[in-house]
Amino acid sequence: MSYWRYLRGVVLALSLISVQGFAQQTLTFNVHSNTPPFEWQNEAGEETGFNIELARQIAQKLQYDLIINRQTLEQTLYSVTHNTRQLAVIDLPAGETFALNTALPLLPTYISAYNLRSAGQVDSWAALRKKRVAIKQASSVEMYLKANPQDFTLVPVVTNEQGFELLSAGKVDFVLAEFYCARRLLQQFPMTKTASNPLFLSQFYLVMSEKDPLFSKAVSDVLEQNYHGGYFDDLIYKWVGFGKEKIELGQVRNDFLQWALFAAIISSIGLLITLYISLVLRQKTQSLKQELHQRQKAEAEINRVSAQFHSVLDGLPCGVILLDQYLKIIWQNGKYQWLLAPERLEQAYPKVALTQLIQSGFNGEESQLIEFSLDNKRWKLNLYLISNSMLALFIEDYTEPFELKQVSELSSRLASLGELTTGIAHEINNPVGLINQSMSLMQDIIDDLKRASPSTSSQPQVLQQGLEELNYTSQSVQESAQRIGCIIHDLKHFSRYGLSNVKPVALNHIVETALRLTHNNVKRLQLQLSLHPQLPAIKGDELQLQLVLINLIQNACLAMDKTHPLLTIETGIEEGRVYLKVIDNGCGMQPHIQARIREPFFTTRREQGGTGLGLSTTNKILVEHGAQWLIHSQPNIGTEMKILLGMCNEA
């Protein structure tokens, strides 16, 4: 009876061990190279090498299932940084530190340059100057160059193999790689060779995440035991050492037979125990399989829905951020999150108190909408309360819709102004025409009176004098009426919009028309005109160019709030192009203001009713004409606006 109780105890213990195996945890080892002797896939597709065998030893010691995950070096560093129970081996420059946990140094190496056999040798970094150099991304070489930049063209590659392929094809001049990987690649690429002595030293480290200190401590303890127990010596000699180990075949055969006999006995006992366990656990196994199948099915569906959800959120044109009540980011799609930095929001107009907005959202306001300007763009910030512990924040670049809205409103206003101007001009035309007709008739009467009156006696001379004064007054009234007619004609054409009539135009005529339309502003200051008498015609829309000059004249007049204001308008020819200058002796502009005057809605006169649209419209029109707009301004001295336009016969 005691024997059977003992056997049942052994079976029960083995059953518990077997059940524990179902729940055994996994350890992921990330590989990023395919070059012996460290980590590569052999012809059978199996992962092998120094690093692989070391990872298996660690997993065995810690009783983890080992998963080999092959990916790029950048993906490997991301996995190790953001996930637990993730290991990788990377190469760090000597003396460099890393943001991850590093265990004992595994193996020292050095970095050299490699080139084609037909090329010469190099003895220093300076010899690589202006050359094309292939370097593995995120490798120790790239880390070293970030701290010690060199003067050559860096060609990033995913693997060292790719770098040697580019070298063999003549697409790069050198490859920088560590010694152990490069000496294997030299055999695969016979046209290549070692081109330099070691440029710097580096060290292989096993790295892991800082998120699980207990796991990191356990891995470090295993490595330290292997290091002091001689396991590293065997591992390094096996994969890195040169030559072959001598083996006594007879001794090996005897040892093999003894171990085979022992294994057969253990296997027989294990077979009997396994049969018993299989009978006891068959029903449990079926149940676990069904449960596992259901869980896998549910997990696959969850992953599918999650992937669709994330693809939709990642594809949104706006930034999406989920926050908890402690302002901690739960999730984000990676767009515009830099905008929420406090120092950035301090520069916004108006300033955005994000912390207060979020707190007010959690305090009961289900949604909030904030608009502000930053970095010459318009932004829209939406906050939605999802639950008592989660708030969604949407960041949208609202610049283009905002500008389209402003342009639409401006177009509507200009259209209304055009209709109003046309109506007023039509109404004024009738009395102006009547004045012209009446003054012509009065002029004829005055001429008849001059011819009919005698000029001999003193009394007719007084009459003659009165007729002369009346004649002068009549001519003045007639000239004023004609001037009103010209202004009305210019207003009717000014109300039109767009480059609707591109043709050869005279720049001097545009200047004269613009001065008539701005006479009310110009009459209070001194005007100096210097118009080229034989100026070639330019190709453009006369009405739009009038608008440009009107805007420049009005801005110049507003800038000259001083005792002796002087406005200078000059036309001429310079280097085969026609130029127009508008110069004032006003207040001038600071450099930061001058840099922004072409921006829509930027104005320094907002309190006086300025909209910031005049010079931005000017810039748009000049761009459409292919013109060049040069600005030279000095504070308290004045401003010169210079426009260069092409001639009609210009190619």
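**Lys620 and its partner**

I looked up Lys620 and found a relative accessibility of 42%, so I list Lys620 as partly exposed. The model is a predicted one, and I counted side-chain atom pairs only at pLDDT 80 or more. Lys620 forms a salt bridge with Glu624, and I noted 2.7 Å between the closest N and O atoms. Glu624 comes out at 40% relative accessibility and also counts as partly exposed. Both residues sit in helix H18, which covers residues 614-624. I noted that Lys620 and Glu624 are four residues apart, about one turn of the helix.

I then turned to a group of linked charges.

**Other salt bridges**

How many salt bridges does the structure hold? I have 12 in the structure.

I checked Glu301 with Arg304 next. Their side chains meet in a salt bridge at 2.4 Å, N to O. The two residues are three apart in helix H9 (residues 249-315), again about one turn of the helix. Glu301 has a relative accessible area of 39% and is therefore partly exposed. Arg304, at 40% relative accessibility, is partly exposed too.

Another entry is Asp397 with Lys377, whose side chains meet in a salt bridge at 3.6 Å, N to O. Is Asp397 buried, exposed or partly exposed? I find Asp397 partly exposed, because its relative accessible area is 25% and the buried class ends under 20%. Lys377 is also partly exposed, at 39% relative accessibility.

**The open sheet**

I traced a sheet of five strands, which is open and has mixed pairing. The strand order I wrote down is E18-E20-E21-E23-E22. Which strands are the edge strands? They are strand E18 (526-530) and strand E22 (628-634), and each of them pairs on one side only. From one strand to the next, the twist averages 10 degrees.

Within this sheet I looked at one pairing in detail. Strand E21 (residues 577-584) and strand E23 (residues 638-645) run antiparallel and are joined by seven bridges. I noted Leu580 standing opposite Ile643 in E23.

I also recorded what packs on the sheet. Helix H14 (residues 507-517) does so, touching E18, strand E20 (566-574), E21 and E23. The direction of H14 makes about 165 degrees with that of E20.

**H16 against H18**

I came back to H18 for its packing with helix H16 (residues 542-559). The two helices pack at an angle of about 145 degrees, and their axes are 9 Å apart. I logged the passage of H16 by H18 as a left-handed crossing.

Which residues of H16 make the contact? On the H16 side I listed Gln544, Leu547, Val548, Asn551, Leu552 and Asn555. On the H18 side I listed Gly614, Leu615, Thr617, Thr618, Ile621 and Leu622. By class, the residues of the contact of H16 with H18 divide into six nonpolar, six polar and no charged.

Key
Residues are numbered from 1 along each chain as its sequence is written. This is a predicted model: local features need pLDDT of at least 70, side-chain atom pairs count only at pLDDT 80 or more; totals for chains, interfaces and linings use all residues. Side-chain values use heavy atoms; hydrogens and water are left out. A salt bridge is a side-chain nitrogen of Lys or Arg within 4 Å of a carboxyl oxygen of Asp or Glu. Buried means under 20% relative accessible area, exposed over 50%, partly exposed in between (1.4 Å probe, protein chains only). Two strands pair if DSSP finds at least two bridges between them. Axes are lines fitted to C-alpha atoms, for helices over the stretch in contact, and angles run from 0 to 180 degrees between N-to-C directions. Contact means heavy atoms within 4.5 Å. A crossing is left-handed if the near helix is turned anticlockwise from the far one by less than a right angle, and right-handed if clockwise. Ala, Val, Leu, Ile, Met, Phe, Trp, Tyr, Cys and Pro count as nonpolar, Asp, Glu, Lys and Arg as charged, and the others, Gly among them, as polar.
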